[in-house]
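Hi there,

Here is the structure I promised to pass on to you. Have a look at it first, and then read my notes below with the model open beside you.

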Amino acid sequence: MKKFLSKMATIGLAATMLAACGSQEAAPDQNAASGDSGGDGAKTYAMVFKNTGNPYGEKMMDGFEEAIKEAGGEVILRAPDQPTAEGQIQIVEQLITQKVDSILITGNDIDALQPVLKKAMDAGIKVLSADAAVNPQSRLVHVNQADPELIGRTQIQAVSEMINGEGQIAVLSATSQASNQNLWIEWMKKELEKPEYDKVELVKVAYGDDLRDKSTSETEALLLQYPDLKAIVSPTTVGIAAAGKVLTDKGLEGKIALTGLGLPSEMATYIENGVSPAMFLWNPIDVGYGAGMTAVALVEGEITGKLGEKFEAGRLGEKEIVEDGEGTQVMLGEPFRFDKENIAEWKEVY
Ligand code: RAM
C-alpha cells in the first residue's frame with residue numbers, strides 16, 4: 001500500500017508538472033530544440049523514440065524533457081515516421097553532426113544501430129538506451145522500465161486466469177525486431193512451459209509494428225485464422241488499443257479476452273466495457289524522466305555506466321547501476337495492474 005501511495009504521489013507530481021509546462025509533441029523530422037532554460041554553454045540532450053504517432057513515446061518524451069529542463073539543458077526530440085532502424089540511423093547521424101552531448105535511444109533493432117551509436121560514442125557523445133534496449137556494445141547503460149521476466153510471466157498468469165487455464169491464445173506484438181517486446185515474449189514462452197499451462201496453446205505471434213492500422217488488420221486476421229481463439233495478449237500500447245477496438249466493434253467482449261501492456265488513457269473504454277478484464281503498465285513519464293536524469297548524470301560525469309555506480313535521479317530518488325547480461329542497466333519499477341476497480345483514477349494520469 002505504501003509503495004502504491006508513493007507511486008501515486010510521483011505520478012501525481014508528474015501530471016501536475018506536465019499540466020504546468022504543457023506537454024510537448026514529438027517533433028519528428030524537424031530537429032526541435034526546446035528548453036528556454038538552456039542559455040550559453042547548456043548541454044544538449046537528444047531523445048530518439050521508435051516512431052512518431054505513439055502516445056506512449058510522447059509521454060516518455062514529456063518525462064525526458066522535464067528531467068533535462070530541471071538540469072538546465074536543451075532538449076531535442078526525434079523519431080522516424082516508421083519504426084525502423086534505418087530511420088533512427090539517419091537521425092543519429094544528424095545528431096552526431098550537430099555535436100549533441102547525449103543521445104537516448106529507444107532501439108528499433110538490438111544490433112543494427114551499433115555502428116552509428118559507436119560512432120557517436122567515439123565522438124564523445126554519451127549514448128544510452130531506454131524502453132527498448134540496444135546491445136551493450138552500443139550504449140553506456142540501459143534504462144529499464146521494469147524487470148522483463150516479471151513483465152512476461154505476469155501477462156501469461158493473467159491471460160491464463162481469464163480463460164480458466166484452457167484454450168488458444170495469440171500474441172499481438174510491435175515489430176519483429178523490437179528488443180523489448182521480443183524479450184518479454186521469450187519470458188511469456190518460458191512461463192508457458194510450466195505444467196499448469198498445459199492446456200494453454202500459443203498459436204501465433206503476430207506483428208502490428210506499433211502502427212494502428214497494421215495492428216487492426218493483424219487482429220482481424222487472427223480472428224479469421226483462429227476461430228477458437230480465446231484470448232489476445234498484446235505487449236504494446238498501440239497493439240492492445242487497436243485490438244480493444246476490433247473486439248469491441250465485433251461485440252466479442254466476454255468471448256475473447258484481451259490483456260497485455262496498455263496506456264490507461266487509451267484502454268479505459270475497453271476495461272470498462274469488459275473487453276480487457278485487466279492489463280499492465282508502468283508510468284511512461286517516469287521512464288522518460290529517469291532516462292533523462294541518467295543522461296544528465298552521464299554528461300556531468302557523475303556516472304560512467306559501470307556496475308555499482310549510484311546517482312540522484314531527481315524525484316525518483318537514488319538509483320544504482322546494476323547488471324544487465326553483458327551490459328549494465330538502471331531498473332525503474334514494476335508492472336502495475338489496471339482493471340475495473342482502479343482504471344478510473346489512472347485514465348487521466350497517463
Ligand atoms: C509501445 C511501444 C513501447 C512499449 C510499450 C509497452 O508503446 O512498443 O516500446 O514499451 O508499447
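**What I found**

Glu-65 sits in helix α2, which covers residues 55-70. Please keep in mind as you read that this is a predicted model. Is Glu-65 buried or exposed? Its relative accessible area is 7%, and the cut-off for buried is under 20%, so Glu-65 counts as buried.

**The protein as a whole**

If you step back, you can count eleven helices and 16 strands in the protein. The protein has 350 residues, and buried ones make up 57% of them. If you take the contacts between residues at least 6 apart in sequence, 71% of them join residues at least 24 apart.

Two packed helices are described by the angle between their axes and the distance between the axes.

Start with α3 (residues 85-97) and α4 (residues 114-122), which pack at an angle of about 10° with axes 10 Å apart. Angles under 35 degrees count as roughly parallel, and therefore α3 is roughly parallel to α4. Their crossing is left-handed. On the α3 side the contact is made by Ile-89, Val-92, Glu-93 and Ile-96, and on the α4 side by Val-116, Leu-117, Lys-119 and Ala-120. Sorted by class, this contact of α3 with α4 has six nonpolar residues, two charged ones and no polar ones.

Now move along to α8 (residues 237-249) and α9 (residues 264-272). The axes of α8 and α9 come within 10 Å and cross at roughly 30°. That angle makes α8 roughly parallel to α9. The crossing of α8 and α9 is left-handed. To see where they touch, select Thr-237, Ile-240, Ala-241, Gly-244, Lys-245 and Thr-248 in α8, which meet Glu-266, Met-267 and Tyr-270 in α9. The residues in the contact of α8 with α9 divide into four nonpolar, three polar and two charged.

The crossing of α5 and α6 is right-handed. Several residues in α5 take part, among them Pro-148, Ile-151 and Gln-155, and they meet a group in α6 that includes Leu-183, Trp-184 and Trp-187. By class, the contact of α5 with α6 has eight nonpolar, three polar and four charged residues.

**A few single residues**

Which residues does Ile-343 touch? Ile-343 lies in helix α11, residues 343-346. Leaving out residues up to four places away in sequence, Ile-343 touches Pro-264, Ala-268, Ile-271, Glu-272, Met-279 and Phe-338. At 0% relative accessibility, Ile-343 counts as buried. The C-alpha atoms of Ile-343 and Ala-278 are separated by 9.4 Å, and these two residues are 65 residues apart along the chain.

Asp-209 is in a loop, the one between β8 (200-207) and α7 (212-225). Its side chain makes a polar contact with the side chain of Lys-214, at 3.3 Å. If you leave out residues up to four places away in sequence, Asp-209 touches Lys-214 along with Pro-83, Ser-173, Ala-174, Thr-175 and Ser-176.

Finally, here are two residues to check for their backbone angles. Most residues other than glycine have a negative phi. Lys-99 has a phi near 60°, a positive value in a residue other than glycine. Lys-99 is found in the loop between α3 and β4 (102-105), and at 68% relative accessibility it counts as exposed. Asp-131 also has a positive phi, near 75°. Asp-131 is found in the loop between β5 (126-130) and β6 (141-146). With 5% relative accessibility, Asp-131 counts as buried.

Enjoy exploring, and write back with any questions.

Best wishes

Key: Residues numbered from 1 in each chain as written. Predicted model: local features only at pLDDT ≥ 70, side-chain atom pairs only at ≥ 80, totals over all residues. Heavy atoms only, no water. Left-handed = near helix turned anticlockwise from the far one by under 90°. Helix = DSSP H or I, 4+ residues; strand = E, 2+ residues; numbered from the N terminus. Contact = heavy atoms within 4.5 Å. Nonpolar A, V, L, I, M, F, W, Y, C, P; charged D, E, K, R; others polar. Buried < 20%, exposed > 50% of the residue type's maximum accessible area, 1.4 Å probe, protein only. Axes fitted to C-alpha atoms, helices over the stretch in contact; angles between N-to-C directions. Parallel < 35°, antiparallel > 145°, perpendicular 65-115°, else oblique. Polar contact = N/O pair within 3.5 Å; in protein donor to acceptor, adjacent residues only side chain to side chain.
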